[in-house]
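The following note sets out a number of points for a colleague who is examining this model. Please read it alongside the sequence and the coordinates.

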Amino acid sequence: MALELTIQKTQNPGHLPADESGLGFGHVFSDHMFTMDWSKDRGWHDARIIPFGNLQIHPASTVLHYGSEIFEGMKAYRNVKGEIVLFRPEENFKRMNRSAVRLGLPELPVDFVLDALKELVKLDADWVPHSEGSSLYVRPFTFGDDEHLGVHGVSHARFYIILSPSGNYYKEGINPVNIMIEDDDVRAVRGGTGEAKCGGNYGASIRAGNRAEEKGYTQVLWLDGVERKYVEEVGSMNIMFKINGKICTPALNGSILPGITRKSILEWLRSQGEEPEERRISVDELIEAAENGTLEEAWGCGTAAVVSPVGHLAYQGKVYEINKGQIGPTVHRLYDALTGIQWGKQEDKLGWIVKVL
Ligand code: PLP
Ligand code: COI
């Protein structure tokens with residue numbers, strides 16, 4: 001049967017805090033959420049927008065024991081023309097379907113969930129922040145919900161979309177973050193779940209993240225899980241460098257999350273006639289470049305983090321300063337290009353913007 005969307009509006013509407021500067025990331029939630037259920041017999045069904053609220057879940061639910069969970073992250077922006085827009089949302093749902101395949105969870109009907117997301121954002125349009133740099137963070141997630149303890153493929157799952165008006169992900173904002181290269185724990189290996197966006201990857205990253213934070217670093221830079229020799233990505237963003245005048249980023253190798261911001265930056269640079277490199281980058285090459293002054297800039301990129309310069313890199317007890325700990329010209333240029341398109345300040349030449357309202 002074709003999916004139909006029903007809408008139940010909240011009786012207790014809240015509102016966006018008047019002072020948007022205190023939003024932080026992922027603390028405040030809008031009035032409504034979207035959900036639908038899946039079963040092996042019926043497929044996706046009961047698609048509905050309902051008031052935001054707690055979930056009821058069976059204590060034996062698969063997700064609570066075996067981590068059957070995948071998620072996405074994207075943003076709705078209030079642009080300078082007063083429109084509300086999404087940035088490449090189909091890319092997120094397509095990636096979510098690749099994650100679903102890896103985790104044995106059901107794939108989404110992309111066109112339907114994109115329409116449902118637009119309806120949800122329209123309904124909660126007042127929750128899209130107004131201040132520059134803030135946006136409505138969109139968090140879709142699917143989890144397995146079989147109510148027994150056997151480890152099997154799931155036959156029941158649920159999908160939700162929740163919305164969170166948010167400001168900067170890092171307290172540093174667009175100012176440089178300090179990153180520690182992790183050479184003990186690893187995040188992912190080829191054949192594992194590294195290129196899927198699943199909760200388990202993040203759960204396993206917490207210990208290293210805590211250790212870095214205790215030493216005053218914002219996040220860790222992961223190395224490959226086999227040789228611990230090649231740079232992969234940061235806790236919640238992909239990584240890019242400018243070495244000796246050339247922009248480069250680790251090639252997707254099966255254990256790195258294929259970021260949509262990463263892809264967009266590479267596509268934008270190529271549209272400008274530039275030739276960024278996707279290749280293996282060893283930590284030795286990076287440290288040598290930091291030592292001999294050819295590591296001109298480093299930055300992370302991701303939906304939550306946008307473009308985030310790296311001011312200092314720590315590795316094996318030594319700290320390397322990059323671009324005097326300042327925001328560099330490439331980071332400025334990429335930040336302006338990306339946010340220019342997202343906030344409607346620049347023409348969307350590459351067709352990335354989807355208008356909601
Ligand atoms: N790498 C990791 C581990 C992430 O959590 C994220 C954020 O989603 C990214 C990279 C960047 O991906 P995207 O640009 O699609 O947000
Ligand atoms: C995002 O950038 O959307 C993320 O999902 C990063 C993080 C908060 C896990």
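At what angle do the axes of helix α6 (residues 260-271) and α8 cross, and within what distance do they come?

1. The axes of α6 and α8 cross at roughly 105° and come within 11 Å. Axes here are lines fitted to C-alpha atoms, for helices over the stretch in contact, with angles running from 0 to 180 degrees between N-to-C directions. The helix α6 is therefore roughly perpendicular to α8; angles of 65 to 115 degrees count as roughly perpendicular, under 35 as roughly parallel, over 145 as roughly antiparallel, and the rest as oblique. From α6 the contact draws on T261, S264, I265, W268 and L269, and from α8 on R333, L334, A337, L338 and I341. Contact means heavy atoms within 4.5 Å. Seven of the residues in this contact are nonpolar, two are polar and one is charged. In that division Ala, Val, Leu, Ile, Met, Phe, Trp, Tyr, Cys and Pro count as nonpolar, Asp, Glu, Lys and Arg as charged, and the others, Gly among them, as polar.

2. On conventions: this is a predicted model, in which local features need pLDDT of at least 70 and side-chain atom pairs count only at pLDDT 80 or more, while totals for chains, interfaces and linings use all residues. Residues are numbered from 1 along each chain as its sequence is written, chains are lettered from A and ligands numbered from 1 in the order in which they are written, and side-chain values use heavy atoms, with hydrogens and water left out. Helices (H or I, at least four residues) and strands (E, at least two) are DSSP runs numbered from the N terminus.

3. The largest nonpolar core contains 39 residues, and those with the most contacts inside it are F34, M36, F93, L117, F159 and I161. Such a core is a set of buried Ala, Val, Leu, Ile, Met, Phe, Trp, Tyr and Cys residues joined through side-chain atoms within 4.5 Å. At least two residues of this core come from each of β2 (32-39), β3 (43-51), β5 (74-78), β6 (84-87), α2 (89-103), α3 (110-123), β7 (135-144) and β8 (156-166). The greatest contribution to this core, eight residues, is made by α3. Apart from it lies another core, of 27 residues, including V234, I281, L295 and A305.

4. Which residues does F93 touch, not counting residues up to four places away in sequence? With those neighbours set aside, F93 touches M74, L108, V110, V113, L114, L117, P140, F159 and I161.

5. The axes of α2 and α3 come within 10 Å and cross at roughly 130°; the two helices are therefore oblique to each other. The contact is formed by P89, E90, F93 and N97 of α2 together with V110, V113, L114 and L117 of α3. Its residues divide into six nonpolar, one polar and one charged.

6. V306 has a positive phi, near 60°, and lies in strand β16 (residues 306-315). Its relative accessibility is 18%, so V306 counts as buried; buried means under 20% relative accessible area, exposed over 50%, and partly exposed in between (1.4 Å probe, protein chains only). K324 also has a positive phi, near 55°, but K324 lies in the loop between β17 (318-321) and α8 (329-342). With 69% relative accessibility, K324 counts as exposed.

7. Y230 is placed in the loop between β10 (219-223) and β11 (231-234) and, at 14% relative accessibility, counts as buried. Y230 and S282 are 52 residues apart in sequence, yet their C-alpha atoms are 4.1 Å apart in space. Beyond its neighbours within four places in sequence, Y230 is in contact with W222, L223, D224, R280, I281, S282 and V283.

8. S236, in the loop between β11 and β12 (237-243), is partly exposed at 26% relative accessibility. Not counting residues up to four places away in sequence, S236 touches Y169, Y170 and Q219.

9. L350 lies in the loop between α8 and β18 (353-355) and is partly exposed, with a relative accessible area of 36%. Neighbours within four places in sequence aside, L350 is in contact with W268 and S271.
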